[in-house]
Amino acid sequence: MRTNIVILTGAGISAESGLGTFRDEGGLWAQHAIEDVATPEGFSRNPTLVHNFYNARRKQASAAQPNAAHLALAKLEQELNGDLMIVTQNVDALHEKAGSRNVLHMHGALERALCNECGHRWEAPTEMWPDDPCPRCGALATRPDVVWFGEIPYGMKAISDALASADVFAAIGTSGEVYPAANFVAEADGLGAHTVELNLAPSSGAAHFGEVVLGAASETVPAWVNHELTRNRA
């Protein structure tokens, strides 16, 4: 049976690989106000602070390894009879490290750099600084290719198209509080997809899902993937 699946992943799937979330006490985010390090205005005020913050995040993410949940989703992509798209709110590359190929980073990626002047994108070095010139136009306008608060997420048309043909929509490790991602479940449900949330605890949008599975992603996701593959082969 052919099945099209769209999966939204959030910080919860990477937490078990050691990458902190907004809500973790003592982590990188706890040391800074969001408006200082995750907004265009914060970057304009203090680009050195923002680069320092993302340099630390990039170093942390590069050392992290995919966990069982990432590996299970890669297996699902490889074995599914149908199409699978992973839409991630995460800026790490753990899905790709696990072997997933059809991954859309709606909030950008730590591994990419962006020129604020000409829009050129390139592979980010380990550390970036305000006086790094753009390799295309030479402007001193280098920033992380990360979508900050107040900016439009990437790939919204591709996401909408995928949701329109989805038989299953799953949200994994998301808070359900960040839009437009928080509205994907309503869009998928309205188009007839089965909707499932896999989370450590119910998100603020849990009531909108047809099915909610609670527990650590490294446990719930492999079990769910096996169930989907069994159903897919029937």
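Guide: Valine 87 stands opposite leucine 104 in β3. This is a predicted model, where local features need pLDDT of at least 70, side-chain atom pairs count only at pLDDT 80 or more, and totals for chains, interfaces and linings use all residues. Residues are numbered from 1 along each chain as its sequence is written, and side-chain values use heavy atoms, with hydrogens and water left out.

Visitor: Which residue of β2 does leucine 8 stand opposite?
Guide: β1 and β2 run parallel, joined by five bridges. Strands are DSSP E runs of at least two residues, helices H or I runs of at least four, numbered from the N terminus; two strands pair if DSSP finds at least two bridges between them. In β2, leucine 8 faces valine 87.

Visitor: How many residues of β2 are buried?
Guide: Buried means under 20% relative accessible area, exposed over 50%, partly exposed in between (1.4 Å probe, protein chains only). In a regular strand the side chains alternate between the two faces of the sheet. Leu84, Ile86 and Thr88 cover one side, Met85 and Val87 the other. β2 is largely enclosed by the rest of the structure, because the buried count is five of the five.

Visitor: Is glutamate 228 buried or exposed?
Guide: Glutamate 228 is in helix α9. Beyond neighbours within four places in sequence, glutamate 228 contacts (heavy atoms within 4.5 Å) Ile5, Leu76 and Val168. Its relative accessibility is 4%, so glutamate 228 counts as buried.
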